[in-house]
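Visitor: I have a model open and would like to learn how to read its features. Could you walk me through it?

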2 protein chains.
Amino acid sequence: MKPDFEKGGGLIPAIVQDAASGRVLMLAYINEEAWERTLATGKAHYWSRSRGKLWLKGESSGHVQLVREVRIDCDADTVLFRVEQQGGAACHKGYASCFFRRLDNGGAWVTTEERVFDPEEVYSK
Amino acid sequence: MKPDFEKGGGLIPAIVQDAASGRVLMLAYINEEAWERTLATGKAHYWSRSRGKLWLKGESSGHVQLVREVRIDCDADTVLFRVEQQGGAACHKGYASCFFRRLDNGGAWVTTEERVFDPEEVYSK
């Protein structure tokens, strides 16, 4: 059984979780090709909606995600990748997790983490 | 700053994680109204794509999600709800998590959990 790619018009969300800490790192989208390549290589591949192309996560930064476990939800329209994050950071802004901001009681977004890397340094190489 | 609802045509994904265990429970979609009601009530509200209506999670089952923390990703187009799951089960099929199936090495989906409740009993009330 494959994920139900038709439901999302060819794309479904992949939740990415750190396999060791359980932390949610990011959400990205996969099409059938990204799914097949992820399974074949053990490295997370996604479909970039902004660039309109298949994307090996870490191809620019080196921060590859080694997929340790794949789960699927009850409706087969979302997958969960439990990964080992190379370089310690999933976010292109340099944070370990893309969810580095928390809503405080006053309704403001508060950054709760330190950057692991400087994006300008990593992506200008 | 609000989530970028326009990017997803009015709907963005919400990842739902158990606040205590760190387990990923489900993924659902929110529109602006679901977002506002979730913040106002502290109980997770979603937009049901299949039913085309706002949905208080647990309205049928009693399995409400008390939202303990809200996070947003770098692009502001995905949110993370860290919740206290009432009734111990997020999935309408009776499992604690919707991600109750793992892909095994042979490419088959294996159910790795026991049901917490019997859906026929809970939803026929």
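Guide: Gladly! Let's begin with overall size: the radius of gyration is taken over C-alpha atoms, and the globule rule is 2.2 Å times the number of residues to the power 0.38. For the 125 residues of chain A, that rule puts a compact globule near 14 Å, and chain A has 15 Å, which agrees. Along its principal axes, the C-alpha trace of chain A spans about 40 × 40 × 30 Å. Two notes on reading: this is a predicted model, where local features need pLDDT of at least 70, side-chain atom pairs count only at pLDDT 80 or more, and totals for chains, interfaces and linings use all residues. Residues are numbered from 1 along each chain as its sequence is written, while chains are lettered from A and ligands numbered from 1 in the order in which they are written.

Visitor: What pattern does chain A follow along the sequence?

Guide: Helices (H or I, at least four residues) and strands (E, at least two) are DSSP runs, numbered from the N terminus. Chain A has two helices and eight strands, in the order β-β-α-β-β-β-β-β-β-α.

Visitor: How are chain A and chain B superposed?

Guide: In general, two copies of a chain are related by a rotation about an axis and a shift along it. Superposition here is by least squares on C-alpha atoms of residues with pLDDT of at least 70 in both copies. A rotation of 180° with 0.0 Å of shift along its axis brings chain A onto chain B, with an RMSD of 0.0 Å. The two copies are thus related as by a two-fold rotation axis. In chain A, A:Gly22 comes closest to that axis, at 2.8 Å (C-alpha).

Visitor: Is A:Cys74 buried or partly exposed?

Guide: A residue is buried if 20 or more other C-beta atoms, placed from the backbone, lie within 10 Å of its own, exposed if 12 or fewer, and partly exposed in between. A:Cys74 counts as partly exposed because it has 18 C-beta neighbours inside 10 Å. A:Cys74 sits in the loop between strand 5 (65-72) and strand 6 (79-85) of chain A. Leaving out residues up to four places away in sequence, A:Cys74 touches B:Cys91, B:His92, B:Lys93 and B:Cys98.

Terms used
Contact = placed C-beta atoms within 7 Å.
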